[in-house]
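Grab the viewer and follow along.

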Amino acid sequence: MEYLTMHPYTFFAVAAVIAGLLYTVKSAKAQFALLASYVALLGGFTWHEFLASRVIETPYMYADELSVVLMAALTVLGAASALQGYFYSRNGGDTPKRIARHNAALVAFLTVLVGIFISQHLGLIWAFLEASTLLAAILIYHNRTRSSTEATWKYVFICSIGIAIAFAGILFLGIAYDHHDLSLATLHDHAHVLNSSWVKMSILFQLVGASVKMGVVPLFSADIDAKDAAPSHISALLSGAMMCAGFTAIFRVYSVYANTELRPWLNGLFLLTGALSILIAAIYILKVRNFKRLLAYSCCEHAGIVLVAIGCGAWYAAVLHLLLHAFAKTALYFQYNHYFRIFKTKDIHAGGRYMSIHPAGSGVLILGMLALCGLPPMGTFITELITIRTLLATPWWGWAIPVLFLFVVIIWALTSHINGVLFSTDNGEEKYQKHVPRTMALETLPQYALLGIVIWLGFFAPQSIVAYIQRASVIYPLH
Amino acid sequence: MVTVFIILFVLTLLYAGMADRMPTLVNLLGVQGLLLFGTAFFELRDVDMMNFSFIIVETIVVKGILIPAMLWRTIKKNKITRETDPTVTRFQSLLAVTVIIFLSFILSNSIHQEHLKVGYFTASISAVFVGLFIVMTRVKIVTHMIGYLILENGVFLLSLAVGNEMPLAVNVAILLDLLTSVLLLAFLVDKVGERFQAVDVSQLNDLND
């Protein structure tokens, strides 16, 4: 198996070379080949880490099952986004220089996310989170419009503030115990002897900092604006891959302390943050008219569901829901791109007759809507069911009532919006039908593939994969 | 000697609370960088040479010289001379900063931890909250940046207060992140100025529900 060996540093070095080449070599074929080679590298590294899981290759960077699951998802999402980016640039008429800059930043961004997934030191996770902000900013700014400038400023500024607060939270752990080592393994070893007040303060600060990455309260607003102003494939990455990164930062800390006397407090905190995020999402989903913001607020809801799942102890459902949401939302953001190309507006009420104008795209919208609503045959039905059943079996079962009520509100609002797009005869005049090129139907294939994964992972995944994801969601069994 | 630096650092916070001229605020950041250098120089003599040199470069070169120089360039390019129409008056601002420092002092003295340095902790917590206060009450985006950098200085001081030792690679990554984020924010201030013909936060309202 020696030939499979790929040290994390080797991965980062090769990824840096590819990003550098993408920035300097501007021919379209070279760009495509370099992106394909990066996806192969990412896939290869994921496979290597799967085989070498829990082997301590570097002091603070080595993969466990959670890292491998998230890296596998990132490989799929990264490949899909790179492909969609190719279509986006071709249709948008970007200059080779701008495409080169975008692709180099995309590769660097994905690499930094891998760094977050495999880091086993709080300081390192923090450094990678901050780097992901800076690289995401380049991607959000891609179109250089007023709105992308505004969104980028808000994103960088609020993320920087949030991450500085998170760093202060990490430093509070230095007050909580006498050791100066902030690696997860050391923190786990000393979790029971820490000063609980300072640990609580630390977790609170870290949750605030990571909230902007995961898209939950309190700092979700910059994330919504970024997803609105960025190109749709970047919005998809912010919704899927970046949410996974925020989740990792939060879940790593949770898993260190979940086996201590802090567990009830932690669960309460996560339930409260999750429920508030679902509430905020429900309010905005009811009134929003902008298609991309609708999808962005839906992310806030699903991130809230993930936190509720963590809070009630349904960790398997939390990890699986995170993955399923990432795939479904990516497909929907890609489909939004078709909607915009047809109707030339983000206004969801300006669309109509989508079923007759773009039947292939309508299928994506219907399946995507079912996934966001957590309805069969989509896998999110299973994860939401497990979450609610687990919640009902805990002392916090009363939380299930408002959460279920908000689910109903969101299902009603989402179906109203999407049904309007699909079937409304008020808009969507005949002229639009002529503007749908045949290639658009072909472009929906990756979207159906992503939605297929959502169905397959939820209902038909083999026992070995289910067991692996269950191991990924077990709280902190590093040793 | 370190106590003198800490007291001077707290005084710069009071001054930042009152100041509305941009050059004054930028100079205050430079002074804070130098004070952090002095504090680290006298405090961290027992750490290894590599880490010590790194922290010295971080404070004097980055926080004391590079970042203020970048901000000078930004305010000159965008012709920003002073903070206009803040949401609180100078007196109210000074009062609020004084209250923040006082409460931080009370909090620091209520913590009974052997290895916690109370003076550092007071100054660092004060800087974090004064930074946030400046971000919340000022309207120019450059002032927001300055508020963020004051907050960052507070976090740096906090790391001295609690004595956490990060691996050198992590320290380098943190410094690079800080430097790049300031560069990026300065670049974005220029772009906001070009596209919105203003550098007020109130103008940034294209994106809404």
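A residue counts as buried here if 20 or more other C-beta atoms lie within 10 Å of its own. Keep in mind that this is a predicted model.

With that cut-off in hand, take helix α21 of chain A, which covers residues 445-460. Its buried residues are Gln447(A), Leu450(A), Leu451(A), Ile453(A), Val454(A), Ile455(A), Leu457(A) and Gly458(A). And what covers them? The cover includes α3 (65-92), α14 (315-343), α16 (359-373) and α17 (380-392) of chain A.

Now zoom out to the whole of chain A. The chain has 22 helices and zero strands, and 60% of its 479 residues count as buried. If you look at contacts between residues at least 6 apart in sequence, 79% join residues at least 24 apart. As for overall dimensions, a compact globule with 479 residues would have a radius of gyration near 23 Å, and chain A has 21 Å, which agrees.

| Property of chain A | Value |
|---|---|
| Radius of gyration | 21 Å |
| Box filled by the C-alpha atoms, along the principal axes | roughly 70 × 55 × 45 Å |

Next up is a helix pair in chain A. The axes of α12 (residues 263-287) and α13 (residues 291-311) come within 7 Å and cross at roughly 160°. Angles over 145 degrees count as roughly antiparallel, so that is what α12(A) is to α13(A). The crossing of α12(A) past α13(A) is left-handed.

Which residues do the meeting? On the α12(A) side they include Asn267(A), Phe270(A), Leu271(A), Ile278(A) and Tyr284(A). On the α13(A) side, Leu294(A), Tyr297(A), Glu301(A), Leu307(A) and Val308(A) are among them. By class, the contact of α12(A) with α13(A) has 16 nonpolar, seven polar and one charged residues.

Finally, there's the place where the two chains touch. How many residues of chain B are in contact with chain A? There are 36, and they contact 37 residues of chain A. On the chain B side, the elements that give two or more residues are α5 (118-137), α6 (141-162) and α7 (168-196). Of these, α7(B) gives the most, with 13 residues. Sorted by class, the side of chain B that touches chain A divides into 21 nonpolar, eight polar and seven charged residues.

Technical notes:
Residues are numbered from 1 along each chain as its sequence is written. Chains are lettered from A and ligands numbered from 1 in the order in which they are written. This is a predicted model: local features need pLDDT of at least 70, side-chain atom pairs count only at pLDDT 80 or more; totals for chains, interfaces and linings use all residues. Two residues are in contact if their C-beta atoms, placed from the backbone, lie within 7 Å. Helices (H or I, at least four residues) and strands (E, at least two) are DSSP runs, numbered from the N terminus. Ala, Val, Leu, Ile, Met, Phe, Trp, Tyr, Cys and Pro count as nonpolar, Asp, Glu, Lys and Arg as charged, and the others, Gly among them, as polar. A residue is buried if 20 or more other C-beta atoms lie within 10 Å of its own, exposed if 12 or fewer, and partly exposed in between; C-beta atoms are placed from the backbone. Axes are lines fitted to C-alpha atoms, for helices over the stretch in contact, and angles run from 0 to 180 degrees between N-to-C directions. Angles under 35 degrees count as roughly parallel, over 145 as roughly antiparallel, 65 to 115 as roughly perpendicular and the rest as oblique. A crossing is left-handed if the near helix is turned anticlockwise from the far one by less than a right angle, and right-handed if clockwise. The radius of gyration is taken over C-alpha atoms; the globule rule is 2.2 Å times the number of residues to the power 0.38.
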